[in-house]
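Me: I'd like to learn how to read sheets and packing in a model like this one. Could you walk me through it?

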Amino acid sequence: MHKAGQAFPLQFVWCILLVGLFCTPALSFGRSTGPSLSSAPQKSSAKTATISNLRYYGSTQQHRLIFDLGRPVQYTQQRVSNPDQVVINLANAVLSKTAKRKLDEHMLPTEIEIKQMGARRVQVTLNMEDMTGLKLQSLRKPYRLLVVYAPKQNSPPVAQPKITLPPVIRQSTEVQRQARLDIDTIILDPGHGGKDPGAIGRNGLMEKEVVLDVALRLRELLKDRLGKNAMMTRATDVFIELDDRAKFANAQKADLFVSIHINSHPSPNVRGIELYHFGIASDRRAMQVAARENGDTIDHARDLVDLIKADLALSKRIEESQNLAWETKLAIVNLVGTAYNLDDHGVKTAPFYVLRYTAMPSILAELSFISNSSDEKLLRASSYRQKMAEALFEGIRNYLNSAQVASAQ
């Protein structure tokens with residue numbers, strides 16, 4: 001029995017401490033059943049949503065883009081400026097092969113750009129310059145993300161000058177027909193190059209890059225399919241003076257000369273194609289284009305008009321150039337216009353320096369407006385460049401075949 005004042009045995013004290021340590025709730029090492037406030041990283045439960053398909057329906061009043069999803073998807077959207085865009089990021093999302101194919105084949109409107117950003121994020125960029133009233137909505141059964149907007153209609157259409165040109169000369173003389181049948185050497189002239197970038201798009205695409213790529217593709221088509229001696233004024237990114245381009249073509253005794261360019265316009269709404277052959281300017285706009293491609297002023301470009309009137313030898317060459325320009329324009333409209341939204345600005349005449357001093361039928365093709373955001377986007381695509389090269393090829397082949405048909409009659 002313990003007596004007052006007598007010390008507790010040391011072993012008894014240790015037993016009391018150990019019992020208190022394991023029984024006090026505040027010091028318990030057992031697992032809590034309540035909610036945890038721990039900041040330790042938790043395992044993510046988000047699963048990847050596959051965008052199985054992209055569907056688009058459009059009218060003059062409303063456009064709808066539908067993302068078909070395998071499961072719900074979380075997204076964020078942000079408005080940015082210069083250029084005016086809405087950027088939507090779909091987290092934990094991937095594009096299926098079907099969706100990627102539609103993007104590769106440009107089966108969606110050009111005001112929408114969709115990209116796979118990394119392994120598990122899809123980015124959708126909407127060009128707000130071309131749309132209004134944007135709405136996003138998530139749908140279930142099945143899972144879908146709906147993008148709805150209306151095309152902008154408050155911008156007045158850009159007035160285009162009315163141009164009256166003489167009809168294409170279908171009834172060629174025997175001399176002209178034989179000249180076409182004898183065509184073998186074709187000079188391709190990609191505009192600008194080197195220190196001269198040409199026109200530059202709002203997102204930095206340079207004319208010199210696009211036209212060189214198209215010309216290289218066209219050269220292969222002319223060689224492989226027609227067996228023609230296709231040569232180029234420049235085959236790399238180098239600067240060539242305008243008169244040296246003409247001198248090169250003349251020195252090769254070329255039969256045709258095709259100069260390839262990309263257009264530009266003060267209004268960002270203007271898009272499409274224009275074909276030119278040498279002559280007095282059809283309108284002031286044609287004179288402006290000639291002055292820009294000549295690297296000169298409108299006043300100096302007018303000086304070439306006197307040469308046109310004085311040089312009667314030009315007349316036959318201009319006739320053939322006109323035929324080539326029309327055949328090429330029709331081929332572009334038929335081949336490219338069926339696959340893309342293409343505005344046809346027709347065949348025009350203007351005093352282009354590089355066309356004036358070549359001694360053979362020659363044309364200058366302005367393929368799209370790099371100043372238009374939709375056209376610039378198309379010009380970045382390899383498939384669009386190939387389509388343009390094939391259209392130019394068809395125009396040249398149709399021009400040559402028209403002589404063969406005439407000779408057979």
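Reply: Happy to! Let's begin with a term: helices (H or I, at least four residues) and strands (E, at least two) are DSSP runs, numbered from the N terminus. This is a predicted model, where local features need pLDDT of at least 70, side-chain atom pairs count only at pLDDT 80 or more, and totals for chains, interfaces and linings use all residues. Residues are numbered from 1 along each chain as its sequence is written, and side-chain values use heavy atoms, with hydrogens and water left out.

Me: Which strands does helix α2 lie across?

Reply: Contact means heavy atoms within 4.5 Å. Axes are lines fitted to C-alpha atoms, for helices over the stretch in contact, and angles run from 0 to 180 degrees between N-to-C directions. Here, helix α2 (residues 97-104) lies across β1 and β5, at about 40° to β1.

Me: In what order do the five strands of the open sheet come?

Reply: Two strands pair if DSSP finds at least two bridges between them. The order is β5-β1-β2-β9-β8, with mixed pairing. Because β5 (93-95) and β8 (131-139) each have a single partner strand, they stand at the edges, and one side of each is left without a neighbour in the sheet. From one strand to the next, the twist averages 25°.

Me: How many bridges join β1 and β2?

Reply: Seven, in the antiparallel sense, between β1 (residues 49-58) and β2 (residues 63-69). Arg55 stands opposite Ile66 in β2.

Me: Is Leu212 buried or exposed?

Reply: Buried means under 20% relative accessible area, exposed over 50%, partly exposed in between (1.4 Å probe, protein chains only). Leu212, at 12%, counts as buried; this residue is found in helix α4 (residues 207-226).
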